[in-house]
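Hello,

Here is the structure for your files. My notes on it follow below.

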Amino acid sequence: MLIVDVVIIVAVARLLGALLTRIGQPAVIGEILAGIVLGPTLMGESLNAALFPADVRPVLSWLANVGVIVFLFFIGLELDRSLLREQRRVVAAVAFGSLALPFALGVGLALLLLPAHPTGNALAFVLFTGTALSVTAFPVLARILTDRGMVHTRLGVLALTVAAVIDVVAWVLLAVVAAVVGTEALPAWRIALVVPYVALMVGGVRPLLRRFAERRPRPGPVASAGVLTGIGLGVAGSAAATSWMGLHAIFGAFLFGWVMPRTGLPLLRERVLPAVERASSNFLLPIFFAVAGFSVDLSTMDVSSYVELALVLVVAVAGKFAGTFTAAKAVGVPTRPATVLATLINTRGLTELIVLVVGLQLAVLDRQTYSIMVMMALLTTSMTGVILRLIHPNPRAGTSYADPPLPADEPSPRAT
């Protein structure tokens with residue numbers, strides 16, 4: 001049954017991804033919709049449970065987590081650190097703007113919705129709503145940038161870095177909500193280890209890996225297999241470490257890719273790693289998006305829900321776009337790149353779904369509010385592809401402003 005389920009998930013995800021691509025949407029939207037199509041929304045609880053039995057779902061979830069962890073490792077590996085060094089001030093300003101305004105508007109929206117959606121803990125509901133409207137889907141944004149060929153551009157690096165900062169803060173806020181609800185929370189000292197862990201990876205592990213790559217620039221096939229095993233263990237260990245500290249495992253995988261050396265090991269870089277990346281993106285990652293959609297049930301939506309959905313959508317889009325655009329302009333980003341950046345940061349997608357599922361499990365959200373937020377996440381992510389087609393030319397078509405001159409904190413050849 002596991003094999004059958006994997007075949008069904010991958011086939012439906014690839015089919016919907018291809019269909020969405022034909023109408024100008026990111027393929028990842030189709031992969032997320034595959035989970036909803038195969039979930040209780042259309043199939044009903046009984047058929048969904050029969051097709052995906054309870055004893056199979058943990059294994060599917062494990063495969064899904066492996067897929068997204070591997071994918072985020074490659075995103076970290078492919079990012080150009082020199083571009084980030086040139087944009088430290090821009091990253092800090094844009095991350096603050098794209099967090100503060102959506103969170104404040106989300107808190108106000110929660111106070112407006114609270115009478116219609118009474119909850120046992122009003123403070124948790126208010127904090128959670130602010131958090132949910134502040135999220136940017138780092139994995140989905142990474143997939144969109146990869147599909148559009150923007151992941152190596154200055155603007156793509158800026159968007160991904162800002163999204164990573166936002167999601168780290170979002171997980172911290174989610175931990176605060178869990179503590180307010182009164183569930184068993186992680187010890188504060190574990191969360192406090194995140195900062196020294198990042199410092200250790202950047203200041204200690206990165207130089208060691210660079211020294212290793214310099215001493216063994218061209219290992220043979222046998223040695224390359226050993227190096228690949230070491231990389232796999234490093235990714236898994238870093239993912240486990242950040243998960244233990246209270247952050248999602250994807251950040252540990254991304255961090256390990258970030259500290260990997262950019263030179264040396266040509267056999268791995270040219271042959272082995274690209275094959276691993278293709279297998280993960282085409283096989284494991286669709287399972288991740290699909291499994292995340294299994295918990296989504298949109299059949300509970302009623303007429304009043306759509307009125308609230310319109311309100312939530314306006315607040316979510318306006319908060320993210322205005323906060324990001326204003327902050328970007330304040331630090332000198334030109335108008336058109338600032339508009340593209342604000343559009344990208346408005347992507348929510350999968351991270352939003354994960355946050356919403358946690359909110360439902362904590363009983364902070366009722367079913368109606370949960371369904372509204374899910375629709376908001378899908379619509380804002382779908383809007384990204386549509387708006388990008390209007391304001392951003394295809395990077396593969398030739399000259400474009402996909403790599404615009406953004407303000408730099410320090411001179412560099414690329415900045416000029």
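How many residues does helix α1 have, and what distance does it reach from its first C-alpha to its last? Helix α1 (residues 2-22) has 21 residues and reaches 30 Å, close to the 30 Å expected at 1.5 Å a residue; the expected span is 1.5 Å times one less than the number of residues. Helices are DSSP runs (H or I, at least four residues), numbered from the N terminus.

This is a predicted model: local features need pLDDT of at least 70, side-chain atom pairs count only at pLDDT 80 or more, and totals for chains, interfaces and linings use all residues. Residues are numbered from 1 along each chain as its sequence is written, and side-chain values use heavy atoms, with hydrogens and water left out.

The buried residues of α1 are Asp5, Val6, Ile9, Val10, Ala13, Leu16, Gly17 and Leu20. Seen down the axis of α1, they fall within an arc of 145°, so they line one face of the helix; the arc is that of the directions from the helix axis to the C-beta atoms. The face turned away from this buried side carries the exposed residues Ile3, Val7, Leu15 and Arg22. Buried means under 20% relative accessible area, exposed over 50%, and partly exposed in between (1.4 Å probe, protein chains only).

Leu255 lies in helix α13 (residues 249-259) and, at 10% relative accessibility, counts as buried. Leu255 and Val198 are 57 residues apart in sequence but 7.8 Å apart in space, C-alpha to C-alpha.

Finally, the 28 residues of helix α15 (residues 303-330) should span 40 Å at 1.5 Å a residue, and its end C-alpha atoms are 41 Å apart, which agrees. Just after α15, Gly332 takes a positive phi of about 95°.

Regards

Key:
Helix = DSSP H or I, 4+ residues; strand = E, 2+ residues; numbered from the N terminus.
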